[in-house]
Amino acid sequence: MSAARGRVAGKVAFVTGAARGQGRSHAVRLAEEGAAVIAVDLCAPVEGIAYPPATAGDLEETRRLVEAAGGDVYTGIADVRDGDGLGAVLEAGVAKLGGLDIVVANAGIVHLPAPAVETDPERWRAMIDTNLTGAWNTCRVAVPHIVAGGRGGSIVVISSAGALKGYPGVAGYIAAKHGLVGLTRALAVELGPERIRVNHVAPTQVSTEMIHNEAIYKLFVPETEEPTREEFATASEAMHLLPTPWVEPADVSAAVLFLASEEARFITASTLPVDAGVNQH
Ligand SMILES: NC(=O)c1ccc[n+]([C@@H]2O[C@H](COP(=O)([O-])OP(=O)(O)OC[C@H]3O[C@@H](n4cnc5c(N)ncnc54)[C@H](O)[C@@H]3O)[C@@H](O)[C@H]2O)c1
């Protein structure tokens with residue numbers, strides 16, 4: 001499809017956590033449908049996570065893929081926990097690409113699992129700081145740019161199936177993701193008059209680095225010493241109504257694209273699950 005006929009043609013999108021995984025997929029999908037993309041990521045190690053961090057090379061690969069999809073792109077390294085730094089990178093991206101219409105607050109981490117009351121306070125704080133305050137920072141630096149454009153816009157927050165139900169071993173993650181439901185609703189109420197829609201997408205397990213590691217496998221298959229990918233898949237699939245152990249980043253990107261596009265022009269303050277029925281809505 002040519003950019004001129006894309007579902008978000010002529011829009012500028014700001015995607016956090018864009019170096020790999022779902023964030024990269026959202027950036028590329030939006031570009032395929034005509035958006036220019038401001039792609040940011042931390043690209044650095046995070047203390048206490050059980051999987052390899054994204055790198056500057058990963059973000060460069062996202063740049064390459066967005067360009068290959070026909071999109072203009074601005075990439076920057078920024079930490080969603082640092083609102084000022086994030087705002088400066090966004091400002092440079094907006095100056096280069098000429099405005100802002102779409103925000104995908106996607107950056108997130110999951111820490112090494114522990115029971116709620118035994119969670120290390122530093123790790124608890126890290127979950128809240130990145131997954132909840134990071135999304136708030138993303139929105140608060142972005143909204144003035146959308147308002148300045150005077151065209152309205154769409155904010156898509158990536159929450160989780162764990163924003164709507166509890167799972168064991170990741171209380172800080174669950175609390176932060178539940179918080180995103182409140183953030184989505186509060187922003188939607190305030191920003192409606194500006195024609196800025198705010199919704200959240202709640203995926204079940206998505207096939208990325210975040211879940212394909214020993215710590216998460218063990219969380220799903222606690223009775224086994226060293227669960228395999230196949231054992232994890234069986235346990236994960238048993239949670240779903242549809243016969244799949246997980247969804248792909250592209251499945252989440254389809255929901256993001258819909259909410260970002262004018263097709264969803266009267267949808268705000270809503271939850272869009274991409275969860276194979278793990279939560280029966
Ligand atoms: N994978 C899943 O099963 C799953 C399920 C539901 C929701 N989610 C959510 O989807 C989002 C994307 O996760 P993913 O599965 O693509 O994992 P991922 O680890 O592949 O990608 C997350 C990205 O966020 C970046 N990031 C982390 N901390 C950051 C910070 N402080 N500032 C800027 N960037 C930062 C990482 O560098 C990484 O590139 C997260 O919010 C996650 O919580 C994931």
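Trainee: Which element gives the largest share of the lining of the second largest cavity?

Mentor: That is α4, with five residues. Keep in mind that this is a predicted model. The lining has 13 residues, and Ala105, Asn106, Ala107, Gly134 and Ala135 lie nearest the centre of this cavity.

Trainee: What makes this space a cavity?

Mentor: A 1.4 Å probe fits there but cannot get out, so the term cavity applies. Its volume is about 40 Å³. Two cavities of 30 Å³ or more are counted.

Trainee: Which residues line the largest cavity, and how do they divide by class?

Mentor: The largest cavity has a volume of about 70 Å³. Among its lining residues are His111, Arg123, Met127 and Tyr173. By class, six are nonpolar, four polar and one charged. The largest share, three residues, comes from α5.

Trainee: Why are β2 and β3 called paired?

Mentor: Pairing needs at least two bridges, and five join β2 to β3, so these strands pair. They run parallel, and valine 37 stands opposite valine 73 in β3.

Trainee: Why do β3 and β7 count as edges?

Mentor: The open sheet has the order β3-β2-β1-β4-β5-β6-β7. β3 and β7 each have a single partner strand, so one side of each is left without a neighbour in the sheet.

Trainee: Which strands does α4 lie across?

Mentor: Helix α4 lies across β1, β4, β5 and β6, running at about 175° to β4. Helix α8 also packs on the sheet, touching β4, β5, β6 and β7.

Conventions
Residues are numbered from 1 along each chain as its sequence is written. This is a predicted model: local features need pLDDT of at least 70, side-chain atom pairs count only at pLDDT 80 or more; totals for chains, interfaces and linings use all residues. Side-chain values use heavy atoms; hydrogens and water are left out. Helices (H or I, at least four residues) and strands (E, at least two) are DSSP runs, numbered from the N terminus. Contact means heavy atoms within 4.5 Å. Axes are lines fitted to C-alpha atoms, for helices over the stretch in contact, and angles run from 0 to 180 degrees between N-to-C directions. On a 1 Å grid over the protein atoms alone, a cavity is a set of points where a 1.4 Å probe fits but cannot get out, and a pocket is an open set with protein on both sides within 12 Å along at least five of seven lines; lining residues have an atom within 4 Å of a point. Grid points are joined across faces, edges and corners, and a volume is the space filled by probe spheres set on the points. Ala, Val, Leu, Ile, Met, Phe, Trp, Tyr, Cys and Pro count as nonpolar, Asp, Glu, Lys and Arg as charged, and the others, Gly among them, as polar.
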